[in-house]
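Hi,

Here is the structure I promised to send over. Have a look at it first, and then read on for my notes.

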Amino acid sequence: MSGTVIPVQCTACGKRYNVAADLAGQPIVCRQCGEVFLAEPAAVGDAAADGSSPRSGNGRQVVLFGLVGIIFLAGICIFLAVHIRQQVRATREAELAARRAAVTEAGRADRAHSSSARPKSVSEKPVADLSAHDLWQAFGKNGMAADMAYRGKILIVRGSIRNIEADEKGNYFLGLDAVEPTASSPGDTEARSHWKTRWSREGYPPNVICFLDPARKLGFKALEAGNRVAVLGRCMGLKQDRQVYKGYVVTVEDCTLVTDAQTKPHTRAAP
Ligand SMILES: [Zn+2]
């Protein structure tokens, strides 16, 4: 007997045998069913018979692992997608919130502005129509009476423009002359001699400061120093200012330019 055997399988009943390798290719008879079949070295046959199931088992395992892997990867992808989307949404919401806040802020500023500027000058009637000189003098003579009469109220102030400038915050104002450059100044002397000398040389700084309504400042662009104007605005009272004559100015805010048609309707209406 040769040591080598080959596994064969009956083609009819499937019974497996191990036969001597010499018999390979020879017809043999199946002991179980009597079928004659060629002893094909179906080495594969037996091994395959045994191996086919592990193989398919392996295949199944591979498929299983593959599935698990795919599911796992899909899970990661979904997790990442959801996570990223949340992140994006959070970012977008934060941006939106910021924008909304900015808009609200702007709206509030707008409203504050319009409520502080518009109704004031449009709907409220001026309580007085006076010269810059008279307004300034009133605060100098009796501050309390002037406060009662003018502070916080809408006035028409007339005067000659000394300068048109912007303050340190960029707010434009008209400086109106309240004092004639030649005016004598009894009683206000020694300590201020430096300024007085300068003023007598350069002219007095304006004592009535009219801040322009930012929304309507363009109405003032054609004006220049020396022009006589009438402005409508809210008197804010006296403000100390050492560098001007008598040490104080009177400020008026949200000023708009007044035309004669607006200020003298009665004289025209009455024949
Ligand atoms: Zn057989």
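A quick word on terms before the notes: strands here are DSSP runs of E with at least two residues, numbered from the N terminus. By that rule, Asp254 sits in strand S10. Please keep in mind that this is a predicted model.

First, the overall picture. The chain has six helices and 10 strands. It runs to 271 residues, and 20% of them count as buried. If you take the contacts between residues at least 6 apart in sequence, 63% join residues at least 24 apart.

Most residues other than glycine have a negative phi. Is Asp254 buried or exposed? The cut-off for buried is 20 or more other C-beta atoms within 10 Å. Asp254 has 23 of them, so it is buried.

Lys246 has a positive phi too, near 65 degrees, and again this is not a glycine. You'll find Lys246 in the loop that links strand S9 (228–240) to strand S10 (248–257). Lys246 counts as partly exposed because it has 18 C-beta neighbours inside 10 Å.

Next, have a look at Glu35, in the loop between strand S3 (27–29) and strand S4 (36–38). Its 14 C-beta neighbours inside 10 Å make Glu35 partly exposed. Which residues does Glu35 touch, leaving out those up to four places away in sequence? The list is Cys10, Thr11, Ala12, Cys13 and Cys30. For one of these, Ala12, I also have a distance: the C-alpha atoms of Glu35 and Ala12 are 6.4 Å from each other, with the two residues 23 apart along the chain.

Last, a pair of helices. Helix H2 (residues 132–141) and helix H3 (residues 143–150) have axes that come within 5 Å and cross at roughly 130 degrees. On the H2 side, the contact is made by Leu135, Ala138 and Phe139, and on the H3 side by Gly143, Ala146 and Tyr150. By class, that contact of H2 with H3 has five nonpolar residues, one polar and no charged ones.

Cheers

Note on methods:
Residues numbered from 1 in each chain as written. Predicted model: local features only at pLDDT ≥ 70, side-chain atom pairs only at ≥ 80, totals over all residues. Helix = DSSP H or I, 4+ residues; strand = E, 2+ residues; numbered from the N terminus. Buried ≥ 20, exposed ≤ 12 C-beta atoms within 10 Å, placed from the backbone. Contact = placed C-beta atoms within 7 Å. Axes fitted to C-alpha atoms, helices over the stretch in contact; angles between N-to-C directions. Nonpolar A, V, L, I, M, F, W, Y, C, P; charged D, E, K, R; others polar.
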